[in-house]
Structures are given as C-alpha cells and as structure tokens.
Amino acid sequence: MAHELPPLPYDFNALEPHIDAKTMEIHHDKHHAAYVAKLNDALGKHPDWASKSLDDLLTNLKSVPEDIRGAVNNHGGGHSNHSIFWETMGPDGGGTPDGALGDAIQSAFVSFDDFKAKFAAAAAGRFGSGWAWLCLDAGGQLVVKDFANQDSPLAAGLKPLLGLDVWEHAYYLKYQNRRPDYVAAFWNVVNWKNVASRYQAAKG
Ligand code: MN
C-alpha cells in the first residue's frame, strides 16, 4: 500500500493573513506531494519495507536498507513532518494550551512565554533549512529541539508534538528574509487542541 498525501484539513486561505494561501497551496500540493512520491519510489526497491507504517520506518531508520535509507530519511521525514505540521495548525488557532499540556509546558519551561522564546530561538537559529520542534523525550519530558533538513524527531527517539517548518519554501513568498516575523506569526495559527491530543497519545 503506497503512502498517500493527506488532504489539507482546511482551505488554502484558512491561515491568512499569517500564512498566505499561495504558500499553502504550493507547500502542500507540490512540496509535500513530492516527498510522498519520492518516498514511494524509494520503497519500490524494497517491497518488504513498503508495507511498514511511516512512523515505523522513521523510528527504525537505522534498520532500513542502506541503499534507500537516505531517501527514507529525507522523503519519509518530509512526509511525516508536513503531515504533523498541517494538523497542528488551523484557522481557529492561537491562544495558550491548558490542561495537562499547559501544565507540562509550565513545568518544563517555567512559563508559556519562556517556552515560546525557546522555540522561537530554535526556529530562528536553525542555519539553513530545517524544523523547530516541541517533542516528548523517552523519559517523558517535554523538550525543544531543532533538526536540519527533513530529519524526523522520530529517528532521534523523540515523539514530535508541534513543529515549525523553517525552510524558505514555507515563508519566502510573504516574509522573504524575515524568518523571525514568520515565526512570530505562527503562534496565531497553532491548533493547541490537536497538540494536546498528540501529547496525550505520546504519553500513552
Ligand atoms: Mn516544507
């Protein structure tokens, strides 16, 4: 069963004015679609790996056959990262997380504002292309990390909860070189309800 591009869970213009419709259309329909297509191309060489779930592939990346490991890392990572990205944003986003996630963020980072500052610094400081993430580590602690390119937190033993794509393709049409402005705008579209669900599932 081939991997499939998930539909965007809202309209291209749903995140305006923070993320523009043209960027969303190209990002989902072209960039994400290409990661899915290239992942399927790579897995075509190893049918026994083609039936594994995306999370299994990335969690067990070191066991993936060497001739396709790089492609699975790049394109499988790209598929996974973007699938999470769309789900954790939304037109009714923003605000602050409450409940167990809100408590855990306060416990790990002192305050929600301190968490935002740490996440924004990771997003701004990632040199070149990559992602900033809020993850749950193996010890059940919330951590902020940044990764290069499409490297998935899953391959590093982390469970990704909230990610921000800081590749130029994610913001250049609207923000050009002003990555910090894009990072600041992101807080207006975060779907904390979805992030809280991911947190509950990750805690198990
Ligand atoms: Mn992207």
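Arg126 touches Trp131, Asp146, Phe147, Ala148, Val166 and Arg179, leaving aside residues up to four places away in sequence; contact here means heavy atoms within 4.5 Å. Arg126 is found in the loop between α6 and β1, where helices (H or I, at least four residues) and strands (E, at least two) are DSSP runs numbered from the N terminus. At 19% relative accessibility, Arg126 counts as buried, a term that stands for under 20% relative accessible area, with exposed over 50% and partly exposed in between (1.4 Å probe, protein chains only). The model is a predicted one, in which local features need pLDDT of at least 70 and side-chain atom pairs count only at pLDDT 80 or more, while totals for chains, interfaces and linings use all residues. Residues are numbered from 1 along each chain as its sequence is written, and side-chain values use heavy atoms, with hydrogens and water left out.

Three strands form an open sheet in the order β2-β1-β3, with antiparallel pairing; two strands are said to pair if DSSP finds at least two bridges between them. β2 and β3 stand at the edges with a single partner strand each, so one side of each has no neighbour in the sheet. From one strand to the next the twist averages 25°, based on axes that are lines fitted to C-alpha atoms (for helices over the stretch in contact), with angles running from 0 to 180 degrees between N-to-C directions. The antiparallel pairing of β1 and β3 runs over six bridges. Trp131 stands opposite Asp165 in β3, and Trp133 stands opposite Gly163 in β3. Six of the seven residues of β3 are buried, so this strand is largely enclosed by the rest of the structure.

Asp165 leads on to the metal site. The manganese ion is coordinated by His27 (NE2), His82 (NE2), Asp165 (OD) and His169 (NE2), at 1.9 to 2.1 Å. Donors are N, O and S atoms within 2.8 Å of the metal (3.2 Å for Na, K and Ca), and sites may look incomplete because water is not among the atoms. Along the sequence, the donor residues follow the spacing H-x54-H-x82-D-x3-H. His27 lies in helix α1 (residues 21-43) and Asp165 in strand β3, so this pair ties together parts that are 138 residues apart in sequence. His27 is buried, with a relative accessible area of 1%, and Asp165 is buried at 0%.

The domain assignment, whose bounds come from an automatic or database source, gives domain 1 (21-87) and domain 2 (99-203). Their C-alpha centres lie 20 Å apart, and the contact takes 20 residues from domain 1 and 22 residues from domain 2.

The last topic is the nonpolar core, a set of buried Ala, Val, Leu, Ile, Met, Phe, Trp, Tyr and Cys residues joined through side-chain atoms within 4.5 Å. The largest such core has 47 residues, of which Phe115, Leu134, Leu142, Tyr182, Phe186 and Trp192 touch the most other members. Elements that each supply at least two residues include α4 (66-87), α6 (112-125), β2 (142-148) and α9 (192-203), and β1 gives the most, with six residues. Among the contacts of Leu142, not counting residues up to four places away in sequence, are Leu101, Phe109, Leu134, Leu161 and Tyr199. A second, separate core of twelve residues includes Ala42, Leu43, Val64 and Val72.
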